[in-house]
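Subject: Structure for your review, with notes on its salt bridges

Dear colleague,

Please find below the structure that I am handing over to you.

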Amino acid sequence: MSQFFPDTPGYRQLRERFLQAATQAGATLSEYSHPLTGPFGETLFTDVAWLGAPDAKRVLVALSGTHGVEGYYGSDCQSRWLESLNGRALPDGVAVLMIHLINPWGTAWMRRVNEDNLDQNRNYLDFSKPLPDNRAYRDVHAIYACEQLQGPQRDKADALFNAAIAERGWSGLMSVVEAGQYAFADGLFYGGAGPSWSNRTLRSIVEKHLSGVDVAACFDLHTGAGDYGHPMLMSIVESAYPALDDAKALFGPWLFTLITGANKVSATGVAATSTGYTSQMLLDALPGVHLMPFVIECGTYAGDLVHGHLRDDHWLHLHGDPLDETGRKIKQGLLEQFYPADPDWQEMVWIRTRQVWERALAALPGIRA
Ligand SMILES: [Zn+2]
């Protein structure tokens, strides 16, 4: 047994497909070994494929699996795109950098978070400085610390949950919970106490491959927020960045720019209060690069449904066994929230992702550094 469900590829199959597609496309591969293993004893890696001239100064970057379980979508698009190349040459001076499953533990264990129960997209902070203090989360943490999946404790947690919704409204509560918090390692949307393995690994990949380039368009691939089957192209950053006008010119009304901050609100399903995002880290790490950081966020189910499954998976991680019957049922539910089995959904997100990448690829030679 090397996967949770017979009909769904596991981490090992995603990796094998990606490596084969990258090799066939003529990419140069490197791998970053993760210290832990997957649920079936599989060794875990983040794989990096560079396609195109080694000295190319304009790069399209595709990053999958920041949120582990969302890597099923990202990996599928990365492999499909490589497979679809069929010998086609890239535009002159342009390379493609595919970073495959930056949180391989999360993908293998089918969790949104990483091995430290931390949300990788809340972890890109300067830990030498005081961390954001999400005080409001303290009032609702007990909802997520519940030790029962069913029973009187769970009923009590549900009552607390319903009271918090009544007090703050659904989006008000989510902007507290999803903002990220740095005080409870056993809580939801925990941002960590230091740079995670994925954080350190992404920084070294970026330093190695991107610090010397002129222009880059980076796509961080996500699912689980927004309307079902409606991929959103976004820029999620703390403030306007130098290449934002180019990003807007490139995608026009397709692009939604979300500026994050303590009191920001958003109707997109993506938390505007969040701290420690990938995009901001890339901008900070690559001051010499004319960088356009994008997020493709593919909507699945309603926010309260997704959240309910995240709660159950959180319980499973703290108190259950992912491989027993209850555990597999929770995993099946969680995967469906972040990678619906519906082939039309899967095709839709691939078509849109391909369109976005192809438009960026074609435009990269003409963007002034
Ligand atoms: Zn995500």
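In these notes, a residue is called buried when its relative accessible area is under 20%, exposed when it is over 50%, and partly exposed in between. Please bear in mind that this is a predicted model.

A salt bridge is counted here when a side-chain nitrogen of Lys or Arg lies within 4 Å of a carboxyl oxygen of Asp or Glu. By this rule, the structure holds 18 salt bridges.

One of them joins E83 to R17, with 2.9 Å between the closest N and O atoms. E83 belongs to helix α2 (residues 71-84) and R17 to helix α1 (residues 11-24), so this pair ties together parts that are 66 residues apart in sequence. Both partners are partly exposed: E83 has a relative accessibility of 40%, and R17 has 29%.

A second pair lies within helix α2, where R80 and D76 are 4 residues apart, about one turn of the helix. Their side chains form a salt bridge with an N to O distance of 2.9 Å. R80 has a relative accessible area of 25% and is therefore partly exposed, whereas D76, at 11%, counts as buried.

These two pairs belong together, as R17, D76, R80 and E83 are linked in a network of salt bridges.

Finally, R122 and D119 also meet in a salt bridge, at 3.8 Å from N to O. R122 is buried, with a relative accessible area of 2%, and D119 is buried as well, at 0%.

With kind regards

Terms used: Residues numbered from 1 in each chain as written. Predicted model: local features only at pLDDT ≥ 70, side-chain atom pairs only at ≥ 80, totals over all residues. Heavy atoms only, no water. Helix = DSSP H or I, 4+ residues; strand = E, 2+ residues; numbered from the N terminus. Buried < 20%, exposed > 50% of the residue type's maximum accessible area, 1.4 Å probe, protein only.
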